Amino acid sequence: MISTHYDVVILGAGPAGLACAIELKQSKLQVLLIDKKAEIGPKICAGGLTNLTKDYVIPNEKTRSFNRQKIVIKDNDHVIELANPIRTITRLELGQYQLQQLQDASNIRVLNNTTVQEIQQNKVITTEGQHIHYNYLVGADGSTSLVRKSLGLTSKHCIGLYYNIPVITNECVWYLKYKTLKTGYIWVFPHKEHTNIGVYFNPLILNSKKARKELENYLTSKGYTFLNKELHGAPICYNYKGYEFGSVFLTGDAAGLTSKGTGEGISYALISGKEIARKIMDENYKPLELNNMIRIKKRQDKLFKILETFPFMHAFLYTVFVQLMKIKSFQAYFGV
Ligand SMILES: Cc1cc2nc3c(=O)[nH]c(=O)nc-3n(C[C@H](O)[C@H](O)[C@H](O)COP(=O)(O)OP(=O)(O)OC[C@H]3O[C@@H](n4cnc5c(N)ncnc54)[C@H](O)[C@@H]3O)c2cc1C
């Protein structure tokens, strides 16, 4: 049995875990960042970055940027001019960009190709039998988080399904097809070399088969071809129950920090990862940015709750929402 000790063990090298490690670079803490994947970055995700990541600097050449987006409600187009552009980036690019920022960090060790299978008091155990002890554990292990489970927290999930269509398009679009998709929507996110087109929905309200059918009908209607085996899908955990549990912290999807209404989670992951690192470095640190983001999530979740509770009001509520979206201060208030 190999046994080691670190001041901080971060489980998961997605945007949350990497953001946490990047922030901990400036400390004297010995940090281990563990991920089961061989390559840091790739993840089932559409790679859209909204207003909430406006302060997160990524070199322009890695992203595409859009100053407006189109929302389609019942065949009516609404063009929204954005206060801050929506950007798209592939998860490989984002992960590698974050990883690069750890290159000069002598106190951070990245251990990829390593799966944690058990969490015990003050240690994690890998499938290869390594016992890694910690003073602080950061759960950044995504929507089916082991750390979250070890805290006895249950999860609730929405689902995203998509195809990457090898066509370059130039418009970000959201289709709010409430008659068929209920509270879900179809998105079109143009990337540099493909267009990511997918459907987001709550499986308690709409079953996956119907959602997939809607997505594929849309693709066919636009003349796009796709292979069934190229469908990607994954759950997104949205029920937030807190981020601090003694010496264990939760970030990103593991904390349920995503928007239940849109499935957006990269921004939450980046900010919660950074803020938890600051909290570890200084126990008196007040994570105002994270708390503000949680307030925005709660606002978005409330609107979604109203949509779920009053399905007959979808047309009205979406129309009001689109009008509000045209006001730039509302975009900031609502985080879109
Ligand atoms: C279809 C789909 C589309 C999406 N589109 C968008 C979008 O356009 N914009 C947006 O903002 N959000 C989007 N999201 C949500 C976004 O992907 C997540 O919110 C985001 O990835 C959360 O980051 P994270 O770092 O918390 O977790 P993750 O990115 O999931 O990273 C978790 C990491 O932990 C590792 N890990 C997990 N368990 C273990 C273990 N036991 N041992 C070792 N390693 C482990 C995984 O390998 C992974 O690298 C989408 C999600 C889906 C499913």
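A charge is said to sit over a ring when NZ of Lys or CZ of Arg is within 6 Å of the ring centre and within 35 degrees of the ring normal. In this predicted model, Arg299 gives us a case: it lies over the face of Tyr333, at 3.9 Å from the ring centre.

Let's stay with Arg299 for a moment. You'll find it in helix α7, which covers residues 288-309. Is Arg299 buried, exposed or partly exposed? Its relative accessibility is 25%, so it counts as partly exposed. Another residue to look for here is Ser259: 40 residues separate it from Arg299 in sequence, while the two C-alpha atoms are 9.4 Å apart in space.

Now for rings that meet other rings. A pair of aromatic rings is described by the distance of the centres and the angle of the planes. How many aromatic pairs turn up in a search of the whole structure? The search finds 15. Take Tyr136 and Phe249: their ring centres are 6.3 Å apart and their planes meet at 40 degrees, so this pair is tilted. Planes under 30 degrees apart would count as stacked, and those over 60 as edge-to-face. Tyr136 belongs to strand β9 (residues 131-139) and Phe249 to strand β16 (residues 248-250), so the pair ties together parts that are 113 residues apart in sequence. As for cover, Tyr136 is partly exposed because its relative accessibility is 30%, whereas Phe249, at 2%, is buried.

Tyr175 and Tyr218 make another tilted pair, with 4.8 Å from centre to centre and 55 degrees between the planes. This one also links distant parts of the chain: Tyr175 is in strand β11 (residues 172-176), Tyr218 is in helix α5 (residues 208-221), and they are 43 residues apart. Both tyrosines are buried. Elsewhere on the list of rings, a cluster is joined up by ring pairs among Tyr162, Trp174, Tyr185, Trp187, Phe189 and Tyr200.

Next comes the ligand. Which residues are closest to it? Of the 35 residues that surround the ligand, the closest are Asp35, Gly48, Arg91, Asp253 and Ile266. By class, this shell has 15 nonpolar, 12 polar and eight charged residues. Several elements each supply at least two shell residues: α1 (15-24), β10 (157-165), β14 (232-237) and α6 (266-281). Here are some polar approaches between protein and ligand.

| Residue | Protein atom | Ligand atom | Distance |
|---|---|---|---|
| Lys37 | side-chain N or O | oxygen | 3.4 Å |
| Val116 | polar backbone atom | nitrogen | 3.0 Å |
| Ile266 | backbone N or O | oxygen | 2.9 Å |

How much of the ligand does the protein cover? Taken alone, the ligand exposes 1,000 Å², and the protein buries 94% of that.

One last stop is Asn51, which sits in the loop between β3 (48-49) and β4 (64-73). Is Asn51 buried or exposed? Its relative accessible area is 8%, and buried means under 20%, so Asn51 is buried. Its side chain makes a polar contact with the side chain of Asn84, at 2.7 Å. The Asn51 side chain also reaches the backbone oxygen of Gln331, at 3.2 Å.

Methods:
Residues are numbered from 1 along each chain as its sequence is written. This is a predicted model: local features need pLDDT of at least 70, side-chain atom pairs count only at pLDDT 80 or more; totals for chains, interfaces and linings use all residues. Side-chain values use heavy atoms; hydrogens and water are left out. Rings of Phe, Tyr and Trp (its six-membered ring) pair if their centres lie within 6.5 Å; planes under 30 degrees apart count as stacked, over 60 as edge-to-face and the rest as tilted. Helices (H or I, at least four residues) and strands (E, at least two) are DSSP runs, numbered from the N terminus. Buried means under 20% relative accessible area, exposed over 50%, partly exposed in between (1.4 Å probe, protein chains only). A residue is near a molecule or strand if one of its heavy atoms lies within 4 Å of it. A polar contact is a pair of N or O atoms within 3.5 Å; within protein, one must be able to donate a hydrogen and the other to accept it, and residues adjacent in sequence count only if both atoms are side-chain atoms. Accessible areas come from the Shrake-Rupley method with a 1.4 Å probe; for residues, only the protein chains shown count as cover. Ala, Val, Leu, Ile, Met, Phe, Trp, Tyr, Cys and Pro count as nonpolar, Asp, Glu, Lys and Arg as charged, and the others, Gly among them, as polar.
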